[in-house]
Amino acid sequence: MSKGTLKQILLLTDGHSNQGEDPVAIAALAREQGITVNVIGVVDGNHLNEQGIEEVEAIAMAGGGVSQVVYAKQLAQTVQMVTRKAMTQTIHGVVNKELSQILGGNQEMEDLSPAKRGQVMEVVDELGETMNLDVLILVDTSASMKNKLPMVQEALTDLSISLTSRMGANRFALYSFPGKKKDIDKLLDWSPQLNSLSGIFQKLSSGGITPTGPALQVALQKFTKSGSRRSLMAGDEEQLLEESGM
């Protein structure tokens with residue numbers, strides 16, 4: 001039986017959505033489909049307004065992912081941290097769900113003996129390195145993001161390089177929103193590397209609107225149309241625990 005694939009949408013934005021469907025509701029739908037939604041709020045000299053920060057946190061919470069607000073110059077390390085943290089969090093959640101069924105009640109990993117807990121954590125860490133990973137990156141290119149795009153490009157290239165050491169297969173897709181004629185534009189189709197990004201953001205024209213909800217909705221469709229590998233979802237936990245010797 002396959003271990004499944006960790007699937008993530010990584011949303012990079014510097015403001016709150018102002019057009020179309022509620023992005024929090026779309027993120028919740030993604031979670032139901034086994035796709036984690038992570039959000040990075042990007043700031044420079046100006047802070048994200050309170051509404052923008054609340055939305056960043058709410059989208060990630062609904063999508064079962066990780067949120068972080070960060071200055072553009074710190075973006076590279078943040079993108080890597082958020083991606084890896086979400087991988088571990090997803091596996092951890094799946095394992096905990098099975099443990100609660102085995103142990104009964106609301107017991108989780110923390111309720112195991114230290115030795116057993118260590119065994120399970122070793123499996124979680126190993127799976128983070130060996131499972132397949134699909135990341136669809138969704139970049140806000142509204143007008144206020146224009147001066148941050150070179151740092152976004154650098155961060156995504158660094159992400160690709162940092163994940164090449166994993167044994168599992170990586171696939172990346174890159175989309176920007178708002179699109180010229182549609183909600184989102186494809187910049188890079190599913191590919192094992194992001195090293196072909198050179199100059200890609202210079203060609204983009206920045207728009208004034210931020211249709212985050214519609215962009216997330218289209219991003220979900222890209223997973224189903226891509227022939228994407230099976231998600232890690234409920235039902236995979238038992239095998240993961242068998243591998244830990246439990």
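**Entry 1**

I began at V135, which stands opposite F172 in strand 5. I noted that this is a predicted model, in which local features need pLDDT of at least 70, side-chain atom pairs count only at pLDDT 80 or more, and totals for chains, interfaces and linings use all residues. Residues are numbered from 1 along each chain as its sequence is written, and side-chain values use heavy atoms, with hydrogens and water left out.

I then looked up the pairing itself: strand 4 (residues 132–140) and strand 5 (residues 170–177) run parallel and are joined by 8 bridges. For the terms, I took helices (H or I, at least four residues) and strands (E, at least two) as DSSP runs numbered from the N terminus, and two strands as paired if DSSP finds at least two bridges between them. I found I137 opposite L174 in strand 5. From strand 4 the chain passes through helix 5 (residues 149–163) to strand 5, a right-handed β-α-β crossover. Right-handed here means that, with the strands pointing away from the viewer, the path from the first strand over the helix to the second runs clockwise.

Towards strand 1, I again found 8 bridges to strand 4, with the two strands parallel. In this pairing L11 has L138 as its bridge partner. I recorded 8 of the 9 residues of strand 4 as buried, where buried means under 20% relative accessible area, exposed over 50%, and partly exposed in between (1.4 Å probe, protein chains only).

I read the strand order of the open sheet as 3-2-1-4-5-6, with mixed pairing among its 6 strands. Strand 3 (64–71) and strand 6 (185–191) are at the edges with a single partner strand each, so one side of each has no neighbour in the sheet. Neighbouring strands are turned by 15° against each other on average, direction ignored; axes are lines fitted to C-alpha atoms, for helices over the stretch in contact, and angles run from 0 to 180 degrees between N-to-C directions.

**Entry 1. Helix 2**

I followed helix 2 (residues 50–62) across strand 1 (5–13), strand 2 (35–43) and strand 3, and its angle to strand 3 is about 155°. I compared its length with expectation: at 1.5 Å a residue its 13 residues should span 18 Å, and the end C-alpha atoms are 18 Å apart, which agrees. The expected span is 1.5 Å times one less than the number of residues.

Which residues of helix 2 are buried? I listed G52, E55, V56, I59, A60 and A62. They cover an arc of only 165° around the axis, which puts them on the same side of helix 2; the arc is that of the directions from the helix axis to the C-beta atoms. On the face turned away from this buried side I noted the exposed residues E50 and M61. Just after helix 2, G64 has a positive phi of about 70°.

I located A86 in helix 3 (residues 75–103). A86 is buried, at a relative accessible area of 1%. Leaving out residues up to four places away in sequence, A86 touches Q8, T36, N38 and V66, contact meaning heavy atoms within 4.5 Å.

I found a cis peptide bond between F177 and P178, with omega about 0°. P178 belongs to the loop between strand 5 and strand 6.
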